[in-house]
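Q: Hey, I've just opened this one up and I'm new to it. Can you walk me through it?

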Amino acid sequence: MKIIKDPVHGYIDVADFVLPLLDSPLLQRLRYVKQLGFSFLVYPGANHTRFEHSLGTMYLSDLMARQLQLDEEEQKLVAAAALLHDIGHGPFSHAIEPLMEDLLGYPHHYIRPLLEDPYTRDALEGQGISPADLVSLIDGDHPLSGIIHGELDVDRMDYLLRDAHYTGAPYGTVDAHRLIRSTLRAKDQIVLHESGINAAESLLIARTLMRPAVYYHHVSRIAEMMFLLSVTAHLSGNRGEAFALMRMDDAKCMHTLLTSPVTVARELAEGLYARRLYKRALYVGQDQVNAYNLAGKASHHDERVFAVEIADRAGVPPHLVLVDIPEFPSDMSLPIQVKNRHRVLGLGEVSPILTTLNETRKGQWRVGVYTLPAHVEAVGRAAAEVLHVRPVTTQKRLITEG
């Protein structure tokens, strides 16, 4: 048994069977991958890593496993899945995800090939943990997947608490222990007892408030778009390097871009390193654009198509225009159920706040077009034409100016 001091959860007990996984190269790499990508450019304290998040997720998963009275083998499986669930992340975490999906064809949680690593495979099989079951649990195809993969999972509990702690944003408060103590297992699914409704609502509120303040802060998004274009430019002459780059940590990736033979890649990386960021030329919500139509063209490739057209109309080089079209937020459907004294209900049936939060999330959605300060006006006009931006209403203008 090893004890690790964590700033969020206090002391974390690490069982002996976990230690070989903890020391595996796949997990140790996460010490050098930032949890929040480029959010440290907004919140200087946001330098925490995927490694400590993985530890925190394992800690909370163990609490839930005990609450659900899982047997020893199930507890081992859940702990291993919680610890390894993020090993597929590329440098700067979610910042590189669009390119990972475009170039490699799969997202970060597709970890099956990584478990072929001899060290990790031997560590799992030595404890009787099936890599296939572990993958199934992380992918959401296992009866216990709700512990790590769901609307109220321990992964989300930890990152909300951890991100709020390191950014200083006061919105990520989650009563994780109350939520865990309110969970139970019924008919091969994890359900929430009615005593946990308030804690569940608090988590959903935290998710909603953290989106614009942290996860979709415009400065973070600008930095991410600059990073994506830098990586794209660097790989333009050698797409075969994509897999190796996705397995780098943050520092090695940034060094690769800063020393890239491709001028555009190098200049964008230098701008990131010195925090010389692009500025907002256009920043509009669903009331001014066709959100469903644009969000359906949210791949990095399609964003670049828009960027090239806008740059052409504005008379600037294509690499000076960045277009950011986030995925339109889906409704929080809460597949986890609430069990009251009579029957099992969907949380939405007993919590009217869910509808309000879903509408709020849609209202937070923004399309951003970014460029250097000298080109903001020209690029903004061109972007409004290309994206068919509607004029802001008088009422909306008064609220904004007020």
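**Starting from the core**

Q: Let's start with Met 58. Which residues does Met 58 touch, leaving out those up to four places away in sequence?
A: Met 58 touches Ile 12, Asp 13, Val 14, Val 18, Ala 79, Ala 82 and Leu 83. Keep in mind that this is a predicted model.

Q: And which residues have the most contacts inside the largest nonpolar core?
A: Met 58 is one of them, along with Ile 87, Leu 134, Ile 147 and Met 157. That core has 69 residues.

Q: Which helix gives the most to this core?
A: Helix 10, residues 197-215, which puts in 9 residues.

Q: What other core lies apart from it?
A: One of 58 residues, with Ala 223, Met 254, Leu 257 and Phe 306 among them. As a general point, nonpolar side chains tend to be buried together in soluble globular proteins.

Q: Okay, new topic: helix 4. How many residues does it have, and how far does it reach?
A: Helix 4 runs over residues 72-84, so to speak a 13-residue stretch, and reaches 18 Å from its first C-alpha to its last. That's close to the 18 Å expected at 1.5 Å a residue.

Q: Which residues of helix 4 are buried?
A: Lys 76, Leu 77, Val 78, Ala 79, Ala 80, Ala 81, Ala 82, Leu 83 and Leu 84.

Q: What do those buried residues pack against?
A: Helix 1 (19-22), helix 2 (25-28), helix 3 (50-67), helix 6 (118-126) and helix 7 (131-139).

Q: And what happens at the start of helix 4?
A: A side-chain oxygen of Asp 71 comes to within 3.2 Å of the backbone nitrogen of Glu 73.

Q: Switching to strands: how do strand 1 and strand 2 run, parallel or antiparallel?
A: Antiparallel, with 5 bridges joining strand 1 (residues 2-6) to strand 2 (residues 10-14). They form a hairpin with 3 residues between them, and Asp 6 has Gly 10 as its bridge partner.

Q: How many aromatic pairs does the structure hold?
A: There are 8. One of them is Phe 38 with Phe 227, a tilted pair at 5.2 Å centre to centre and 55° between the planes.

Q: Where do Phe 38 and Phe 227 lie?
A: Phe 38 is in the loop between helix 2 and helix 3, and Phe 227 is in helix 11 (residues 218-235), so the pair ties together parts 189 residues apart in sequence.

Q: Is Phe 38 buried or exposed?
A: Phe 38 counts as buried, at 2% relative accessibility. Phe 227 counts as buried too, at 0%.

Q: Which residues do ring pairs link into a cluster?
A: Phe 38, Phe 40, Phe 92 and Phe 227. Phe 92 is in the loop between helix 4 and helix 5 and is buried, with a relative accessible area of 4%.

Q: What's the phi of Phe 92?
A: Positive, at about 60°, although Phe 92 isn't a glycine. Most residues other than glycine have a negative phi.

Q: What about His 388, what's phi there?
A: Near 55°, again a positive value in a residue other than glycine. His 388 lies in the loop between helix 19 (376-386) and helix 20 (394-401), and is exposed, with a relative accessible area of 65%.

Q: Last one: what does the side chain of His 89 make a polar contact with?
A: The side chain of Arg 50, at 3.3 Å. His 89 sits in the loop between helix 4 and helix 5 (97-104) and counts as buried at 0% relative accessibility.

Methods: Residues are numbered from 1 along each chain as its sequence is written. This is a predicted model: local features need pLDDT of at least 70, side-chain atom pairs count only at pLDDT 80 or more; totals for chains, interfaces and linings use all residues. Side-chain values use heavy atoms; hydrogens and water are left out. Helices (H or I, at least four residues) and strands (E, at least two) are DSSP runs, numbered from the N terminus. The expected span of a helix is 1.5 Å times one less than its number of residues. Buried means under 20% relative accessible area, exposed over 50%, partly exposed in between (1.4 Å probe, protein chains only). Contact means heavy atoms within 4.5 Å. A polar contact is a pair of N or O atoms within 3.5 Å; within protein, one must be able to donate a hydrogen and the other to accept it, and residues adjacent in sequence count only if both atoms are side-chain atoms. Two strands pair if DSSP finds at least two bridges between them. A nonpolar core is a set of buried Ala, Val, Leu, Ile, Met, Phe, Trp, Tyr and Cys residues joined through side-chain atoms within 4.5 Å. Rings of Phe, Tyr and Trp (its six-membered ring) pair if their centres lie within 6.5 Å; planes under 30 degrees apart count as stacked, over 60 as edge-to-face and the rest as tilted.
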